[in-house]
Amino acid sequence: MLPASPLPVVIVGGLHADARRQAVARLLADVPGAVVLHHDLSTAAEGMVVRTVRDATGPLSTAETPLVDDCACCALREDLVPELRRLAADGVNRLAIVELWDSVEPKAMAEVIVAGGLTVTGVITAVDPALLLPYLGNGDDLADTGLAAAATDRRTVADTFARQLEYAPVLAVVDSPEADDEDRELLAQLHPTARRVPLPGGPPAARRVLLPGGHPGGSAGPRPDTPLARAALAGFDVEAAAAAQHPACALLPAEADGHGVTTVVWHRRRPFHPERLYAALEGLTCAAARSRGRFWLAEKPDVLLHWDAAGGALCVESAGPWLAALPDAAWELVPPVRRAAAALDWHPEHGDCCQHLVFTSPGLDRDGLERLLESCLLTDAEYAGGRAAWKRLAPAFDTLLEA
């Protein structure tokens, strides 16, 4: 069923630019009346962003919008909703496809669009499986590759691509002759809950969307009968998507092993010794192509910490207090999904405080990884000292958390 919004909006993104363009071309071919809105941030050095609107026949309009505070992505944010509203007001467009520029992440744009009163019906990240591991292993800064969205952009290629991949509920996967079973297995393990829609090679086929009654045209809107079009119009919940990425209740991958790719889920109830964990960071970060989750430091026993690693680089951030550290009265202020996640993982002594880290990679050394992780936990004697003693341990992570 199509949404009630007068103009459904689907977001198509991803650093794999050729795959992204192929997905957009397919949607244009599949849905009559679809238009594509794209902001090109590569012109930021000239002080502006170029906005293009096109349909299946070619460009409809091109305009320039100035940077906002020397930030191309900020200019995109300010221009996106007004332009979508203009397209909706025209009354002739059946679907707006927002094709994101290479390094723009779909989460922020989906939230901007919904906050602007429009309906996002789908978020799609386009992927070439053959490029999956090279991009996840690329620790270069976006600024060094010409892909930064602002002068202050400190993201890397790897962590940006990982978030693009993991946020989208739909992956448009190109039929790459260079991809092998290991590549496809890595994709499946990194985002096992995603709907993977194949994109065959070659030019898009003729339009294949039937309108009510089986005739083109009409005012009821398109009824998709192709996998990608159906995915674009299936519906999207911004709040649920954000919750699925939050470290306290993230939908992390499960244990898996196939075609040389392994996912290890490591779950423990004892906190890490801060100095031993800090000393092991390089080995843990480089152990897998991708690792993420939440962890617990003895020296900061009330703080939920977020682990996010790709491309040989690790980001550690505070995600606020564990629920166990909050007074009962504060629980009503916590989103239900967070309370539900904590309840599923509750321990009679420590509440929701735990280690829950997931490592995914080809050629993963499970035994070596688990030995290294175990060596970072408090020993029996340290654990017996209790929280008062834990808090006196040296604060090895302060520099990382302040960065």
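Strands here are DSSP runs of E, at least two residues long, numbered from the N terminus. With that noted, I asked which element gives the most to the lining of the largest pocket. That turned out to be β13, with 6 residues. I am working from a predicted model, so I keep that in mind throughout.

Largest pocket. I got a volume of about 910 Å³ for it. There are 37 lining residues, and those closest to the centre are E105, R163, H306, D308 and E317. Several elements each put in at least two residues, among them helices α2 (72-90) and α5 (157-167) and strands β12 (300-310) and β13 (313-321). I sorted the lining by class and found 17 nonpolar, 7 polar and 13 charged residues.

Second largest pocket. This one holds about 250 Å³ of space. I noted 18 lining residues, with E166, H191, T193, A244 and L251 closest to the centre. Both α5 and α8 supply at least two residues each, and α8 has the largest share with 4 residues. By class I wrote down 13 nonpolar, 3 polar and 2 charged.

T65. I found this residue in strand β4, which runs over residues 58-66. Is T65 buried or exposed? Its relative accessibility is 12%, and the cut-off for buried is under 20%, so T65 counts as buried. I then looked up its contacts, skipping neighbours within four places in sequence, and listed M48, V49, A75 and D79.

Key: Residues numbered from 1 in each chain as written. Predicted model: local features only at pLDDT ≥ 70, side-chain atom pairs only at ≥ 80, totals over all residues. Heavy atoms only, no water. Buried < 20%, exposed > 50% of the residue type's maximum accessible area, 1.4 Å probe, protein only. Contact = heavy atoms within 4.5 Å. 1 Å grid on protein atoms, 1.4 Å probe; cavity = no way out; pocket = protein on both sides within 12 Å on 5 of 7 lines; lining within 4 Å. Points joined across faces, edges and corners; volume = space filled by probe spheres on them. Nonpolar A, V, L, I, M, F, W, Y, C, P; charged D, E, K, R; others polar.
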